[in-house]
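Here is a quick tour of one protein chain, going from the overall numbers down to a couple of local spots. Have the sequence and the 3D view open while you read.

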Amino acid sequence: MSSISIGNRLDGSAGTSETWRQLLEALPAAIYTTDAAGRITFFNEAAVELAGHRPKLGRDLWCVSWRLHRPDGTPLSHDESPMAVALREDRPVRGVEVIAERPDGTRVNLLPYPTPLHDSSGALIGAVNVLIDITERKQAEEAVKQLNDTLEQRVEQRSELIKQTFTELHASEERFRLLVQGVADYAIFMLDPDGFVTNWNAGAARIKGYTAAEIVGHHFSRFYMEEDQQTRLPQRALETARRTGKYESEGWRVRKDGTRFWANVVIGAIHDEDGRLIGFAKITRDLTERKAAEEQLRQAQKMEAIGQLTGGVAHDFNNLLTAIIGNLEMLAIVLPDGDPGRRYAEGALRAASRGSRLIEHLLAFSRRQEIRPQIVSLNDLLRENLMLCQKAVGEGIEIALALQDQVWPCRIDPAQFGAAILNLAANARDAMSRSGRLSFRTENVTTADNKVDRPAGDYVVLSVADTGCGMTADVLERAFEPFYTTKEVGKGTGLGLSQVYGFAKQSCGDARIESKVGKGTTVRIYLPRADGQAVGGAVQHEGLKTPPAAVTILVVEDDPDVREMIVGILSDLGYQTLVATNGPEALAILNRDNSVDLLFTDIVMPAGMSGTDLARQASRLRPDLKVLLSSGYAREANQSRSARDDFPFIAKPYRPTALGKKLEEVLAGSLLPAAI
């Protein structure tokens with residue numbers, strides 16, 4: 001029986017044999033061979049590291065170092081394992097995942113690819129096995145929720161090439177040489193001591209774009225970025241490998257066509273039998289897709305953290321603005337015409353109202369804004385907002401619509417959509433210096449791939465493109481962040497695009513920006529397809545009415561300024577009021593006073609009882625009691641959706657007239673909670 005020997009010579013030169021041995025030792029993939037009886041005849045260092053055990057050639061069987069399990073955790077006997085099947089049935093085994101338990105008890109997920117080997121007469125002489133460690137891949141897939149099913153296909157192709165190679169060759173060293181040539185997922189090539197390329201495998205051609213004829217004889221520094229060449233990074237990498245035996249790093253590299261890719265690079269020094277440096281083995285892996293997924297996850301986490309911060313700040317400012325706006329409006333009403341104080345109060349009220357709109361943008365970005373979604377047609381909404389957009393951008397900018405027929409319906413808040421469109425139009429106007437073309441396009445899109453923040457499914461995509469100055473990469477990365485702006489001081493708040501981002505996210509969709517300096521910018525909003533027919537038409541309310549006599553409202557609010565303002569408004573509107581600072585106080589009042597007709601409570605309160613909890617307990621205590629909930633932080637209201645189905649709601653900050661209208665509707669029983 002023939003056996004595999006790494007020492008067989010390809011050309012009669014022991015030096016060549018040793019060179020190939022060292023090259024294979026540098027491979028990160030675990031490889032070993034056996035004779036027909038399963039005894040190990042060769043292994044590389046990657047196999048030793050993976051198995052946690054160094055076997056004895058010619059004596060140890062391939063299964064000596066670990067116990068095997070199926071993917072579901074049940075034990076897998078060695079007779080049922082892929083390698084045993086390959087030797088017993090004289091056939092390659094593909095795509096069978098196993099879990100290997102090493103001597104120290106740690107486990108790794110593996111994809112083994114055992115392939116039988118034959119001599120020139122066709123007799124079985126052993127097998128070769130390539131072990132692919134997929135533990136990291138599985139962990140990464142779970143973290144970013146992306147399934148990369150192409151790895152097994154690539155390994156299958158590579159294993160088929162290995163099979164063909166080993167069946168065609170007669171010398172063992174030639175088999176190993178073609179094995180290296182057949183690896184397509186790694187660029188594997190050799191350098192002379194000065195860094196010039198001496199050979200080139202198929203993986204190098206695929207990853208870097210050069211054929212062997214184009215690159216052999218050239219210095220490997222041409223794969224590096226220009227700034228890395230200027231800092232002599234290639235030379236320092238060779239010096240590290242020369243001094244320590246190995247150099248490893250990650251960084252941007254350049255393909256033949258000029259495009260960049262993120263590479264993991266390993267350079268290993270190769271010495272002859274006398275210890276003299278004869279060159280380097282260089283292995284490069286393309287990690288661009290993995291880096292892109294990690295960057296996407298990092299960006300999503302950053303935006304979520306910013307959203308949590310801005311949502312909390314907006315909540316506190318909403319309470320402040322509720323008190324400020326309410327008191328200013330009441331002051332403007334009581335001061336006589338011509339009084340300078342009234343003019344000052346009205347000016348302050350206008351400023352406070354602008355602050356309220358800024359808070360709405362912050363809440364939209366952080367997905368804490370109160371929304372009233374409807375099933376609508378994007379085409380109809382765009383046509384309705386076209387005139388406002390034209391006024392916003394001016395006559396010097398042409399607006400073009402390219403709307404797909406039969407566009408799918410979406411469930412969104414029409415008012416928030418209108419605000420997003422106007423924000424995009426204003427940004428485009430400034431980018432084009434009031435002269436250019438602004439295009440709105442809608443289309444139905446079905447995505448098959450899961451993104452970090454966008455599941456696969458049916459979407460209506462709105463693309464808003466301008467012919468403006470475009471954005472640099474640094475600006476593009478931060479464009480959605482609140483308060484980030486490149487405009488002069490006083491020319492912008494930096495909240496326009498953040499509102500667009502928040503609208504898309506709160507609508508269970510996504511927003512993306514594509515831009516190049518001098519080429520313009522395109523913002524794409526992905527909105528999920530909704531079931532049902534588009535509806536329209538807003539309910540119009542009548543003016544305020546005089547409240548019924550002797551109506552008593554229990555006000556529950558922990559902020560003293562807001563509480564005082566509410567009581568003042570209600571008194572001016574003709575209501576009787578009682579006050580409480582928390583839920584337990586309110587329940588005590590309801591237990592002893594039957595005159596309360598309506599409970600008006602904030603949702604976010606201290607003392608361990610929220611406004612929704614208070615509303616439920618009060619309704620059980622007094623089934624005839626009317627309830628109105630309020631909050632400046634709509635996330636709590638959204639999380640308590642069952643309570644929102646039972647009780648009407650008004651968002652802070654509100655104006656006295658708006659509060660009076662809402663109270664009229666609640667007391668009259670004309671306001672259905674499900675429609676709020």
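Predicted model: local features only at pLDDT ≥ 70, side-chain atom pairs only at ≥ 80, totals over all residues.

The protein chain has 676 residues, and 49% of them count as buried. On the secondary-structure side, you'll find 22 helices and 23 strands. As for the surface, the chain exposes about 32300 Å², with carbon and sulfur atoms supplying 50% of that. Now look at contacts between residues at least 6 apart in sequence: 61% of these join residues at least 24 apart.

| Strand | Residues |
|---|---|
| β9 | residues 246–254 |
| β10 | residues 260–271 |

β9 and β10 run antiparallel to each other and pair over 9 bridges. K246 sits opposite G268 of β10. The two strands make a hairpin with 5 residues between them, and in that turn G258 has a positive phi of about 95°. As a general point, side chains in a regular strand alternate between the two faces of the sheet.

Now over to the surface. Which residues form a nonpolar patch there? They are L331, I333 and V334, and together they have about 290 Å² of accessible area. I333 belongs to helix α11, which covers residues 288–334. Is I333 buried or exposed? I333 counts as exposed, because its relative accessibility is 55% and the cut-off for exposed is over 50%.

Technical notes
Residues numbered from 1 in each chain as written. Heavy atoms only, no water. Pairing = 2+ DSSP bridges. Helix = DSSP H or I, 4+ residues; strand = E, 2+ residues; numbered from the N terminus. Patch = residues over 30% accessible without salt bridge, like charges linked within 9 Å, V, L, I, M, F, W, Y side chains within 5 Å. Areas by Shrake-Rupley, 256 points an atom, 1.4 Å probe, with all protein chains shown as cover. Salt bridge = Lys/Arg side-chain N within 4 Å of Asp/Glu carboxyl O. Buried < 20%, exposed > 50% of the residue type's maximum accessible area, 1.4 Å probe, protein only. Contact = heavy atoms within 4.5 Å.
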